[in-house]
Amino acid sequence: MDGWLLPEPPAELLARKAFQPRPVIFGFNADEMLMYVGKPTPERWRQALEKLPNPDQVDNLLGGLPIPQRLDELESATQFTCPSIALANSFAAGGAPTYVYRFDRIRAYDHGIGAYHGAEIPYVFDTHDAWPPTDTVDRDLTRRMMGYWQSFAATGDPNHDDAPVWPRWNDDARVLSLAEELRADAFDARLCSLLGL
């Protein structure tokens, strides 16, 4: 907080809607933490549940998934997904044109870590490397994502003629899924709610 750009704690400014509403994009990846959970045991899942305010409900919600995916969902929600959604809610409530994405693209090469943390970067900047392999689906997604980001930088609205409409974040809570098929999905807030985030 410098008394100029940030005169008060950001959370307080957001709560009071004391900011200039500027267009913003928030996003997260479908499997942010999967690469970090390794090969966890049922005991690790039990320990994770013990730290939560609603362990039984979280276990009911995620219990059908394999343990690595359960921990990925839980840790991704805590560190990335739910904080992004909370910020999107605050900015939209303050009048800022707000757009939210979830990066879902998993490359054809089976690396076992899903749409991992940072996987969207080569698509936004067209900086694909040899690993993981890039195919025509990746190239098409890159072109469309770059179009969204370029349009947003130029106009404050990511929408452009060459891609499906990216809806503004509002009461419909629709997230643009960036994958083989671009589509706006309703965001499932149940886990964030159970975590109190």
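The crossing of helices α3 and α5 is left-handed; a crossing bears that name if the near helix is turned anticlockwise from the far one by less than a right angle, and it is right-handed if clockwise. Helices and strands here are DSSP runs (H or I with at least four residues for helices, E with at least two for strands), numbered from the N terminus. This is a predicted model, in which local features need pLDDT of at least 70 and side-chain atom pairs count only at pLDDT 80 or more, while totals for chains, interfaces and linings use all residues. Residues are numbered from 1 along each chain as its sequence is written, and side-chain values use heavy atoms, with hydrogens and water left out.

Let me stay with this pair of helices. Two packed helices are described by the angle between their axes and the distance between the axes. The axes of α3, residues 42-50, and α5, residues 67-93, come within 10 Å and cross at roughly 25°. Axes are lines fitted to C-alpha atoms, for helices over the stretch in contact, and angles run from 0 to 180 degrees between N-to-C directions. The helix α3 is therefore roughly parallel to α5, since angles under 35 degrees count as roughly parallel, over 145 as roughly antiparallel, 65 to 115 as roughly perpendicular and the rest as oblique. From α3, the residues P42, R44, W45 and A48 make the contact, and from α5, I67, R70, L71, L74 and E75; contact means heavy atoms within 4.5 Å. These residues divide into 6 nonpolar, no polar and 3 charged. In that count, Ala, Val, Leu, Ile, Met, Phe, Trp, Tyr, Cys and Pro are nonpolar, Asp, Glu, Lys and Arg are charged, and the others, Gly among them, are polar.

How does α4 pack against α5, and at what angle? The angle is about 125°, with the axes 10 Å apart, which makes α4 oblique to α5. This crossing is right-handed. V58, D59 and L62 of α4 meet R70, E73 and L74 of α5, a group with 3 nonpolar, no polar and 3 charged residues.

I turn now to the open spaces. On a 1 Å grid over the protein atoms alone, a cavity is a set of points where a 1.4 Å probe fits but cannot get out, and a pocket is an open set with protein on both sides within 12 Å along at least five of seven lines; lining residues have an atom within 4 Å of a point. Grid points are joined across faces, edges and corners, and a volume is the space filled by probe spheres set on the points.

The largest pocket holds about 400 Å³. Its lining has 17 residues, and E73, T81, F187, D188 and L191 lie nearest the centre. Which element gives the largest share of this lining? It is α5, with 6 residues. By class, the lining has 9 nonpolar, 3 polar and 5 charged residues.

The second largest pocket has a volume of about 270 Å³. Its lining comprises 13 residues, with L5, L6, L13, A18 and F19 closest to the centre. Helix α1, residues 10-16, supplies the largest share, 3 residues. The lining divides into 11 nonpolar, 1 polar and 1 charged.

The largest cavity has a volume of about 40 Å³, and its lining includes F103, R105, H111 and Y123.

Finally, two features of the backbone. Most residues other than glycine have a negative phi, and most peptide bonds are trans. K17, although not a glycine, has a positive phi of about 60°, and K17 lies in the loop between α1 and β1. The peptide bond from W131 to P132 is cis, with omega near -10°; P132 is placed in the loop between α6 and α7.
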